[in-house]
Amino acid sequence: MFVLELTYTAPVERVDALMAEHVAWLDEQYAAGVFIASGRKNPRDGGVILAVGEDRAAIEAIAAADPFAAHGVCAYRITEFIATRTSPELAPYRQRLP
């Protein structure tokens, strides 16, 4: 599992100008089963995405395809973790330690 933390590197007006493209990209990743939660940070200086996947390189490629990243209005920090405990609703994403 991965936590993708976005930090805006441009004024929020530039971010907002790309919001429709960003939301379409989010929708594609939800439909593909990669993203399971996302939202703005508070204060609004970026966002957070919770993603599932076995391959860090694939998650990095998905993040690079975000219109925010492609247009240089955000930077990504990607943290991989092993989700050994979850709520019952997230049980399908539970992992075992290697």
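# Core, sheet and ring pairs

Modeller: The largest nonpolar core has 20 residues, and those with the most contacts inside it are L4, F35, I49, A51, I59 and F68. Strand β1, helix α2 (19–31), strand β3, helix α3 (56–64) and strand β4 (74–80) each supply at least two residues of this core. The largest share, four residues, comes from β1. This is a predicted model, in which local features need pLDDT of at least 70, side-chain atom pairs count only at pLDDT 80 or more, and totals for chains, interfaces and linings use all residues. Residues are numbered from 1 along each chain as its sequence is written, and side-chain values use heavy atoms, without hydrogens and water.

Biologist: What makes a set of residues a nonpolar core?

Modeller: The members are buried Ala, Val, Leu, Ile, Met, Phe, Trp, Tyr and Cys residues joined through side-chain atoms within 4.5 Å. I49 has a place among the core residues with the most contacts. Not counting residues up to four places away in sequence, I49 touches F2, V3, L4, L6, W25, L26, F35, A37, S38 and Y76, where contact means heavy atoms within 4.5 Å.

Biologist: Is F35 called buried or exposed, and why?

Modeller: Buried means under 20% relative accessible area, exposed over 50%, and partly exposed in between (1.4 Å probe, protein chains only). F35 counts as buried because its relative accessibility is 3%. F68, at 1%, counts as buried as well.

Biologist: Then what is V48 called, and why?

Modeller: V48 has 36% relative accessibility, so it counts as partly exposed. V48 lies in strand β3 (residues 46–51); helices (H or I, at least four residues) and strands (E, at least two) are DSSP runs, numbered from the N terminus. Leaving aside neighbours within four places in sequence, V48 is in contact with V3, L4, L6, A37, S38, G39 and K41.

Biologist: How do you know that β3 is paired with β1?

Modeller: Two strands pair if DSSP finds at least two bridges between them. Six bridges join β1 (residues 2–8) to β3, and the two run antiparallel. Five bridges join β2 (residues 35–40) to β3, also antiparallel. Both counts meet the requirement.

Biologist: What puts the buried residues of α3 on the same side?

Modeller: The residues concerned are I59, I62 and A63. They cover an arc of only 100° around the axis, which puts them on the same side of α3; the arc is that of the directions from the helix axis to the C-beta atoms. The buried residues of α3 pack against β1, α2, β2, β3, α4 and β4.

Biologist: Why is the pair of Y8 and F68 given its name?

Modeller: Rings of Phe, Tyr and Trp (its six-membered ring) pair if their centres lie within 6.5 Å; planes under 30 degrees apart count as stacked, over 60 as edge-to-face and the rest as tilted. There are three aromatic pairs in the whole structure. The rings of Y8 and F68 have centres 6.1 Å apart and planes at 85°, so this pair is edge-to-face. Y8 is in strand β1 and F68 in helix α4 (residues 67–70), 60 residues apart. The rings of Y30 and F35, with centres 6.0 Å apart and planes at 85°, are therefore also edge-to-face. Ring pairs link W25, Y30 and F35 into a cluster.

Biologist: Where is P43, and what is the peptide bond from N42 to P43?

Modeller: P43 is in the loop between β2 and β3. The N42 to P43 peptide bond is cis, with omega near 10°.
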